[in-house]
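Dear colleague,

Please find below the sequence and the structure that I am handing over to you. My notes on what was found follow directly after them.

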Amino acid sequence: MSSLSVSASGAAADAIGRHVPGLVEDAVASRLFAKDATLWGPDAESESRIRLSWVGLPRSSRPLVGEIAAMRESFAEQGLTHVVLCGMGGSSLAPEVICATAGKPLVVLDSSDPDYVRRALGDDLEHTVVVVSSKSGSTVETDSQRRAYEQAFTDAGIDPAARIVVVTDPGSPLDAESREKGYRVVNADPEVGGRYSALTAFGLVPSGLAGVDVEGLLDDAESVADLLAEDDDANPGLRLGAAMGGTDPLRDKLVLVDDGSGIVGFADWAEQLIAESTGKNGTGVLPVVVGGDSDPEVTWPAADVTVARLVDADAEGAGDGAASEVRVGGALGAQLLLWEVATAVAGRLLGINPFDQPDVESAKKAARALLDQGTGASEAPAATDGAVEIRALGGSDGSGGWLGDATTVPAALDALFAQLDADRGYVAVMAYLDRLADADLAECRVPLARRTERPTTFGWGPRFLHSTGQFHKGGPALGVYLQVTTAPKEDLAIPGREFTFGDFIGSQAGGDAAVLAEHGRPVLQLHLTDHDAGLAQLREVLAGGGRA
């Protein structure tokens, strides 16, 4: 029997007291679980009508348990125990958390970086099973990864149809093509959006093949479903949703800190769910994933921040009564459903549609346009400092004029941070690099937060495009953006395509920056002309908070 706990203090507790009675009176919880598409207003109704099946997944996904077990047994008998997942956004983040929490190995390939892709392709191919997950079947990242694995298997004398499992919506282009090729295909529920898909085939198939007890995961979620559907002041979904989206004035930075939850990487999954669901129409809640209590965002008494602590389900107390804080505990399956409910409730309080992602699509279109143009060289840099090219885009004049006469990386960072709203702004670091080999670059987040005294996020591209990328463009115009790109150590061809992985990730970075600039957001692009030398130079500068 699973359980959930949600307690709050400060402004978060005030928001619960102010909004939950009205949510109960409006029967929001029961209407949500009855799939009432009118909960978010007439503009959202058509989208909501085809996106609410996630509320019933703890029960409706049960038939997958046996199917996954049979596949796993078949693969195990063949000695195929190395599971790779090709997917983006919700298709990759949920299985990553599920497997890490269960202690089961899963290789998540959610990058276009050629060095990252090449390393995955060369890792124990003889014993590899690949799960290709794409809801629409048209996600270019996943299609490119699939092509690379097909070629690698073929070159090794292995039939790709014996090693590839496809998860997609019924009737998608990928569905038809995969069946023609003889691949195993598992169809997901088409009326569940990607970031709400943790308990669909997208979350369960790769996790189950990796050895996770997916039936137990569903059991935990089902044990709290009736609680979350109840119109009651104690409903944890209503309480968490009010704390997230109901503070007045809105505290639009939700700092996520693990405080002994026992769930590995949950904040990264919640980041995508919240940012992509709420960041639109000039509003939203920005999740800020931090490492612990000593991180600046936790120690500040900032007026625009609520701290969300992920705790053990049996933890008691609500923290400092003056601080805006919410403490959330529960087993993984229960928490997946809880945060989905809370995000949908927060969307209602914010007056937005929590099921669309218009600015994710705009960045994809911009990237495709750059690919169609031939992925030629971008505009000449404003300056070059060692192994780093400096470019500036966007800002109030749209031209990057805010850079001024800066010709060094520290001076460029000074100019970028001068654009930062001292009371409500945030810094976003967006690194289009190899998130495993270059992992220590993420350590720059804390010194940058200390320097600017503002919440700071760090995202690996293109992974974050399906997460905070939506908030960056659709949320309030309060951010400044540091984009890091690199020349790959060695590029990698995409079979059947005229462009390479290096071309593709370059176009994704360029498209992302272009859309941000069109929205008037200031973007500082730092391009490493030599990966190793440039990265060493950048690490040194950022370790000091960007100062010389």
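In which helix is Glu276 found? Glu276 is found in helix α13. Please note before reading further that the model is predicted.

Glu276 has a relative accessible area of 5%, and since the cut-off for a buried residue is under 20%, Glu276 is buried. Leaving out residues up to four places away in sequence, Glu276 touches Arg195, Asp356, Gln357, Val360, His466, Ser467 and Gln470.

The five-stranded sheet

An open sheet is formed by five strands, in the order β1-β10-β9-β7-β8, with mixed pairing. Its edge strands are β1 (4–9) and β8 (286–289), each of which pairs on one side only. From one strand to the next, the twist averages 20°. Strands β1 and β10 run antiparallel and are joined by six bridges; Ser5 stands opposite Gly329 in β10.

Two helices pack on this sheet. Helix α12 (residues 236–245) touches β1, β7 and β10, and the direction of α12 makes about 35° with that of β1. Helix α13 (residues 266–278), the helix that holds Glu276, touches β7, β8 and β9. The direction of α13 makes about 165° with that of β8.

Strand β9 deserves a separate paragraph. Seven of the seven residues of β9 (residues 305–311) are buried, so the strand is largely enclosed by the rest of the structure. Val305, Val307, Arg309 and Val311 point one way from β9, while Thr306, Ala308 and Leu310 point the other way.

A β-α-β unit

Strand β5 (residues 164–168) and strand β6 (residues 184–187) run parallel and are joined by four bridges. Within this pair, Thr168 stands opposite Asn187 in β6. Together with helix α9 (residues 173–181), β5 and β6 make a right-handed β-α-β unit.

Helix α18

Seven of the eight residues of helix α18 (residues 445–452) are buried, so this helix is largely enclosed by the rest of the structure. The buried residues are Arg445, Val446, Pro447, Leu448, Ala449, Arg451 and Thr452. They pack against β8, α14 (296–299), α17 (409–417), β13 (426–431), β14 (456–460) and α21 (531–543). Just after α18, Glu453 takes a positive phi of about 55°.

Pocket and cavities

The second largest pocket holds about 690 Å³ of space and is lined by 29 residues. Nearest its centre lie Asp268, Val289, Ala442, Phe458 and Trp460. At least two lining residues come from each of β7, α13, α18 and β14.

Trp460 is placed in strand β14. Is Trp460 buried or exposed? With a relative accessibility of 12%, Trp460 counts as buried. Neighbours within four places in sequence aside, Trp460 is in contact with Ala431, Leu433, Asp434, Arg435, Asp438, Ala439, Leu441 and Ala442. Trp460 and Gln483 are 23 residues apart along the chain, and their C-alpha atoms are separated by 9.9 Å.

How many cavities of 30 Å³ or more does the count give? The count comes to two. The largest cavity has a volume of about 150 Å³. It is lined by 13 residues, of which Glu141, Lys364, Ala367, Phe504 and Gln508 are the closest to its centre. Helices α8 (140–155), α16 (358–372) and α20 (501–518) each supply at least two residues of that lining, and α16 gives the most, with five.

Summary

Strand β9 and helix α18 are each largely enclosed by the rest of the structure.

With kind regards

Note on methods. Residues numbered from 1 in each chain as written. Predicted model: local features only at pLDDT ≥ 70, side-chain atom pairs only at ≥ 80, totals over all residues. Heavy atoms only, no water. Buried < 20%, exposed > 50% of the residue type's maximum accessible area, 1.4 Å probe, protein only. Pairing = 2+ DSSP bridges. Axes fitted to C-alpha atoms, helices over the stretch in contact; angles between N-to-C directions. Contact = heavy atoms within 4.5 Å. Right-handed = clockwise from strand over helix to strand, strands pointing away. 1 Å grid on protein atoms, 1.4 Å probe; cavity = no way out; pocket = protein on both sides within 12 Å on 5 of 7 lines; lining within 4 Å. Points joined across faces, edges and corners; volume = space filled by probe spheres on them.
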